[in-house]
Structure formats: C-alpha cells, structure tokens
Amino acid sequence: MTAPPSSPAGLRQNALGLWTIVFFVIATNGPLTALVGVVSTAILLGNGIGVPAAFLIAGAIYLVFSVGFVAMGRYIRNAGAFYAYVANGLGRPLGTAAAFLAIVAYAGLQFACYGLIGFFGANALAGWGLALPWWVVGLAVAALVQLCSIRNVVFNGRFLGLLMLAELAVVVVFDVAVLAHGGPEGFSLASFQPEHVLVPGLGATFVFVAGSFMGFETTAIYAEEAREPERTVPAATYIAVVLIAVTLTLSSWLLIVSFGPSQVLAAAAKDPGGLWFDRAGLLVGPLLGDAINVLLITSLFAVILSFQNTLSRYLFALAREGLMPAAFARTHARHRTPHLAGYALTALVVALLLLCGLAGADPMTLVLPLGSAPAALGILAVQALTSLAVIGFFRRQPRHTNLWQRLIAPALSGAAMLVGVALIVRNMHLLTGGESVFNTLIPLGMLGVGLAGLGLALWLRSHRPERYARLARLLEEV
C-alpha cells in the first residue's frame, strides 16, 4: 500500500476556534461514559450518595489548577503541553519524565476504552443477531479511528462536536425528565450534606472521579493550531472545566434523586450497570434507554479518537526534538496532521487487540483495569508536576501575574494532586478489581516510566548536548 504524502511542515495553524477546542476537551472526558461507567461504581465503593459533591469538589480543584495553568499558558505554545510546561518550569529532565508518563497514561486509558467499546459494541451486535468477539469489534473501531485521525483537525473538531452534542442532548433529556417527575423523597440535598460527603469512602470516590476530568491538557495541546491562542486557550480551559463539573454533578445528583437517597445504594448493588437505563426507561420510555446505549458507544468512540489526536501530537512534539523517531515529526501534506505517529499508535493497538484475542483476555476484568489504573496515577502525577512547574516558571520572572496566579493557586492544586496520587496508590485495588500483584506492579511500573524519561534527558545532557538544548522549545523557537 502506498503511504500517504508527508511533509516536514508543522501543524495547521489558525485552524481551531474556541468551541472546537472545548469539544475536544469534553470528547476526551466523555461525560456519558463517566456518568454510566463511574457513578454507580463510585456510589458502591466510595462515599455513597455523596458522589455528586465529590464531582463538585474535583471541579473546584481543577478550576484552581486552571489559574496557574492558564497564566503559564500565555507563554507556552507547544503540542507537548504538560511536557513543555514541566520542562520550562522544573527543567528538561523532569519535563521528559512528565512526557513519558503522559504518553503511557493516555495510551493506557485509550486501550481501556477499546476494551469498553469492544464489550458494548459486541453486545449491541449480538442483539442484532451478529456474534463477534469484542476484540474484533475493537479492530474495526481502530481502523475507523485511524481514518478519522488522518483528516484535518477542523474535520475532527466538527465530527467530535456532533457526537458531543448528541451525547449531551441525551443527558439533558434525562435531567429534565427527573426534574419534571421528581423523586420518591423529593429533591433531597442529602448528597451535599457534610455527613454524607466527608465519610471514609470519600478518598475511594476521588479515585474514580479523577478519571472523569482526564484530558484536561487538551486545550494546551491544540495551542499551535488555535486561532488567537492567547484568548481561546484560557477561555476554552475554564469553559470545559465548568461544563464537565456542572454536567457530572447535576446529572449524578438527579440520578440519586430519581431513586431516592435511601434507596439508590441498594439499586446500585443490585444492578450497577443498569441504573441509568432503568431510570431512563421508567421516566421517559425505552427509546431513551436505547439512545443512551447507542450514544455510550459513540461517546467511547469520541474518547478514543480524541486520545488518538492527543497522543499523535505528543509523539509529534517529542519527535520534533529528537526524543522519538524523526518520522513522527512529519505531517500529512494536505491535512497537516501527524499521520505517521497516528499509524504507529494504531499498529500498537492492533497488536494489543490481537494479543488479547489470542490470550482470551476479558475486556472488563482485565483490559479495563490494567489500562485505566496506570492512566489515573500517571496523569495526576503529571498534573502535580505541572502545578509545581508554574511556581518554578514564575519564580524567576513574575511577568504579568499576581501572587494568586503564580504561587497560591498552583501550590493549592499541586497539594491536591499529590493527595490524589497517594489516594490512588492506596486504593489501587479498587481500580484493578481486587487484591492482585498489579496493585504493586502498576505504581512501580509508572515510577519506572518516569525514571526512564528522566534518565534519557540526563543522558542527552551528558552525551548529546545539542539535542538536549532543543528540548521543550516553544513554537516560536521551532
């Protein structure tokens, strides 16, 4: 097969507007996936009916994180995002470590989503009389994702925007139905009362809730392709965080209202995967339940496609600086997308799916936990480093920032992220599904990934100083 035309030129500039970037962020988070997949599990294993408050607290933490992130973003434009932030704030070795952690984390979460979409897709096809293994469905999805990711970033933004609008429309219909019908115990605010929120299970809840805000750096990743990035990236960051937090908080609370706070825990224990479908069918009709089922699959597809775009740009940014194969720094001659990096990612996914098929791996009990657990740990660690990087960056020169932007907000968010890392390590068994050797191997493995990045940068500093000097350059320096 003839390879598509390539160009050493950079990404397409001035291509993305404010709302396109917002859609990329929301697509990466997949609100419907978070609601259907996270809420019932968090209710069972976390702080019960206090889950909506946990979403609200997490949203507040990420808004505080955004203060320093946005302030530093005015001076950082690099498709490597967190990598460039950490390198410019804490030094190139830690920046390279952050890049390695981010790539492994996002790749792990993307593959976990392949397991989910394979599982739900195979179930849907079985209902229509076509029996296929989950990993075969995953292979078909991988081919479609590759086709979409090659296309220019504007096409991807519009496509993801349509999927997000459909997904959010279903969530709104559900919310309106609950508001119209009420619940057996009225519109109880018990979910936000301290005695139901500040309980021992709150730490476990944050293990699940943190994953619902992943993909946060997507705004910065597209800074090189954004129109007026100094305006659109900060605005998109705040809008995305608020939309995600409000959607997850409101919808999870209304789900609890629809069952009644005193009854939802028993309902979740009886059928954790069917909470949303049960209420949707009861309050609106079976059509809404069917729509949620279909849009859950399209939501997962949007998440996978968004991660494909994110990962390919990470590889592009690192290849441009000599940390990855030079071919990854080439872009498609017409679409200006890092298509060769995308092909490499798809090849890896195909190989893993075939391996899972040969090994008979279960998508829900093996693929999902082994992909999502390192992702949650890795991204929170990188976000903690990014908060510290903001302090380091402005310590040398305050520029146009105040004390809240350059010190207090990043210090608070950094502390919160470090607590999150500790909670995930402590509650790793919740992500892996029980007592397992992976509860130890995953934290040690992610530590090894970070040390590998750190070691590579230190080796370059000693043996390839000219390449080391090129690390974490900003757009105007490329």
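Let's start with Ser 252, which is found in helix 11; helices here are DSSP runs of H or I with at least four residues, numbered from the N terminus. This is a predicted model, so local features need pLDDT of at least 70 and side-chain atom pairs count only at pLDDT 80 or more, while totals for chains, interfaces and linings use all residues. Residues are numbered from 1 along each chain as its sequence is written, and side-chain values use heavy atoms, with hydrogens and water left out.

- Ser 252 is buried because its relative accessible area is 0%; buried means under 20%, exposed over 50%, and partly exposed in between, with a 1.4 Å probe and protein chains only.
- The side chain of Ser 252 has a polar atom 2.6 Å from the backbone oxygen of Leu 248. That's a polar contact: a pair of N or O atoms within 3.5 Å where, within protein, one must be able to donate a hydrogen and the other to accept it, and residues adjacent in sequence count only if both atoms are side-chain atoms.
- Leaving aside neighbours within four places in sequence, Ser 252 is in contact with Leu 35, Val 39, Pro 52, Phe 55 and Trp 276, where contact means heavy atoms within 4.5 Å.
- A polar side-chain atom of Thr 249 lies 3.4 Å from the backbone nitrogen of Leu 56.
- Beyond its neighbours within four places in sequence, Thr 249 is in contact with Pro 52, Phe 55, Leu 56 and Phe 192.

**The nonpolar patch**

- Leu 63, Tyr 238, Val 242, Val 246 and Leu 250 make a nonpolar surface patch of about 370 Å². Patches take residues with over 30% relative accessible area and no salt bridge, joining like charges within 9 Å and nonpolar side chains (Val, Leu, Ile, Met, Phe, Trp, Tyr) within 5 Å; the areas come from the Shrake-Rupley method with a 1.4 Å probe, and for residues only the protein chains shown count as cover.
- Helix 11 (residues 229-259) gives the most to this patch, with four residues.
- Leu 63 belongs to helix 3 (residues 51-73) and counts as partly exposed because its relative accessibility is 32%.

- Helix 9 (residues 202-209) is mostly covered, with eight of its eight residues buried.
- The cover over those buried residues includes helix 2 (31-45), helix 3, helix 8 (194-197), helix 17 (403-426) and helix 18 (428-432).
- From helix 17 comes Leu 423, which touches Gly 203, Phe 206 and Val 207, not counting residues up to four places away in sequence.

**Thr 386**

- Thr 386 is in helix 16 (residues 363-396), and it counts as buried because its relative accessibility is 0%.
- The backbone oxygen of Val 382 is 2.8 Å from a polar atom of the Thr 386 side chain.
- Not counting residues up to four places away in sequence, Thr 386 touches Phe 65, Phe 69, Phe 82, Tyr 85 and Val 86.

**The salt bridge**

- The structure holds one salt bridge, meaning a side-chain nitrogen of Lys or Arg within 4 Å of a carboxyl oxygen of Asp or Glu.
- Arg 279 and Asp 278 form it, with their closest N and O atoms 2.8 Å apart.
- Arg 279 counts as buried because its relative accessibility is 14%, whereas Asp 278 is partly exposed at 39%.

Notes: Helices (H or I, at least four residues) and strands (E, at least two) are DSSP runs, numbered from the N terminus.
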